[in-house]
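This report goes through a protein structure one topic at a time. Please keep the structure open while reading.

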Amino acid sequence: MVIPSEQECTALLAKYDTPAHIISHSRKVAQVGRLLGAGLRKRDYPLNMELLDASCLLHDIGKYPCIVDGNGHHDVRGEEILQAEGYPAVARIVVQHVVLRGSKEDPIREEHIVFYADKRVVHDQVVSLDERFVYLAETYAKSDEAAEWLLRMKADCTRLEEQIFAMLDFSPEELPHLLG
């Protein structure tokens with residue numbers, strides 16, 4: 001499995017003209033992901049930390065290309081970019097940062113951490129799930145269907161948060177303070 005280093009991730013983000021604010025968001029998501037992953041690894045939970053880190057850093061690589069050409073879904077575009085760049089393992093995770101594709105009963109894996117970490121960060125600030133979903137609703141819930149979809153996603157995120165933090169020695173509320 002080929003996983004890009006942090007420097008290679010930075011170079012890829014530059015190659016695809018990722019704006020500074022998206023990079024700042026991705027770095028904060030990576031900080032959340034690292035903290036959660038390290039806590040799970042202390043409990044002997046099998047996570048590939050390099051894969052987790054690269055996937056957090058690159059989760060929004062498809063966002064700016066979608067903005068520029070005005071079409072597509074940034075998770076799918078990110079998957080396409082990373083497949084083309086030779087990183088299929090990262091692509092498999094990046095495509096799931098908006099919608100998890102596996103069973104809700106699956107054990108926690110890297111894609112779950114990336115999905116959850118992204119939902120805890122607005123711009124470059126760690127926030128609660130409630131705060132993040134208020135932001136998502138204000139930004140993306142332009143129809144009743146979109147608003148309902150976000151409510152289902154929030155319920156999924158809340159269940160995932162419970163699963164993750166049941167294995168950690170700190171609470172979701174402590175996350176912002178642990179990152180400083």
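## Terms and model

A residue counts as buried when its relative accessible area is under 20%, as exposed when that area is over 50%, and as partly exposed in between. The structure shown is a predicted model.

## Salt bridges

The structure holds 11 salt bridges. One of them joins the side chains of Arg77 and Asp69, with 3.0 Å from N to O. Arg77 has a relative accessibility of 15%, so this residue counts as buried.

Another salt bridge is formed by Arg34 and Asp53, whose closest N and O atoms are 2.7 Å apart. Arg34 belongs to helix α2 and Asp53 to helix α3, so the pair ties together parts that are 19 residues apart in sequence. The relative accessibility of Arg34 is 30%, which counts as partly exposed, while Asp53, at 14%, counts as buried.

Lys119 and Asp118 also meet in a salt bridge through their side chains, at 3.5 Å from N to O. Lys119 is buried, with a relative accessible area of 3%, and Asp118 is buried too, with 6%. Elsewhere, salt bridges with shared partners join Arg92, Asp106, Arg109 and Glu111 into one network.

## Helix α8

Helix α8 covers residues 129–140, 12 residues in total. From its first C-alpha to its last, α8 reaches 16 Å, close to the 16 Å expected at 1.5 Å a residue.

Which residues of α8 are buried? They are Leu129, Arg132, Phe133 and Leu136. These residues cover an arc of only 95 degrees around the axis, which puts them on the same side of α8. An α-helix has 3.6 residues a turn, so residues three or four places apart point the same way.

What covers the buried residues of α8? The cover includes the helices α2 (20–42), α7 (110–119) and α9 (144–165), together with the strand β1 (121–122).

## Two residues with positive phi

Most residues other than glycine have a negative phi. Asp44 is not a glycine, yet its phi is positive, at about 65 degrees. Asp44 sits in the loop between α2 and α3 (49–58). With a relative accessibility of 70%, Asp44 counts as exposed.

His123 is likewise not a glycine and has a positive phi, of about 55 degrees. His123 is placed in the loop between β1 and β2 (125–126). Is His123 buried, partly exposed or exposed? Its relative accessible area is 48%, so His123 is partly exposed.

## A nonpolar surface patch

Tyr64, Ile67 and Val68 form a nonpolar patch on the surface. Together, these three residues have about 290 Å² of accessible area. Val68 is part of helix α4, which spans residues 63–69. The relative accessible area of Val68 is 56%, so Val68 is exposed.

## Summary

Lys119 is buried at 3%, Arg34 is partly exposed at 30%, and Asp44 is exposed at 70%. On the surface, the nonpolar patch consists of Tyr64, Ile67 and Val68.

Methods. Residues numbered from 1 in each chain as written. Predicted model: local features only at pLDDT ≥ 70, side-chain atom pairs only at ≥ 80, totals over all residues. Heavy atoms only, no water. Patch = residues over 30% accessible without salt bridge, like charges linked within 9 Å, V, L, I, M, F, W, Y side chains within 5 Å. Areas by Shrake-Rupley, 256 points an atom, 1.4 Å probe, with all protein chains shown as cover. Salt bridge = Lys/Arg side-chain N within 4 Å of Asp/Glu carboxyl O. Helix = DSSP H or I, 4+ residues; strand = E, 2+ residues; numbered from the N terminus. Buried < 20%, exposed > 50% of the residue type's maximum accessible area, 1.4 Å probe, protein only. Expected span 1.5 Å × (residues − 1). Arc of directions from axis to C-beta. Contact = heavy atoms within 4.5 Å.
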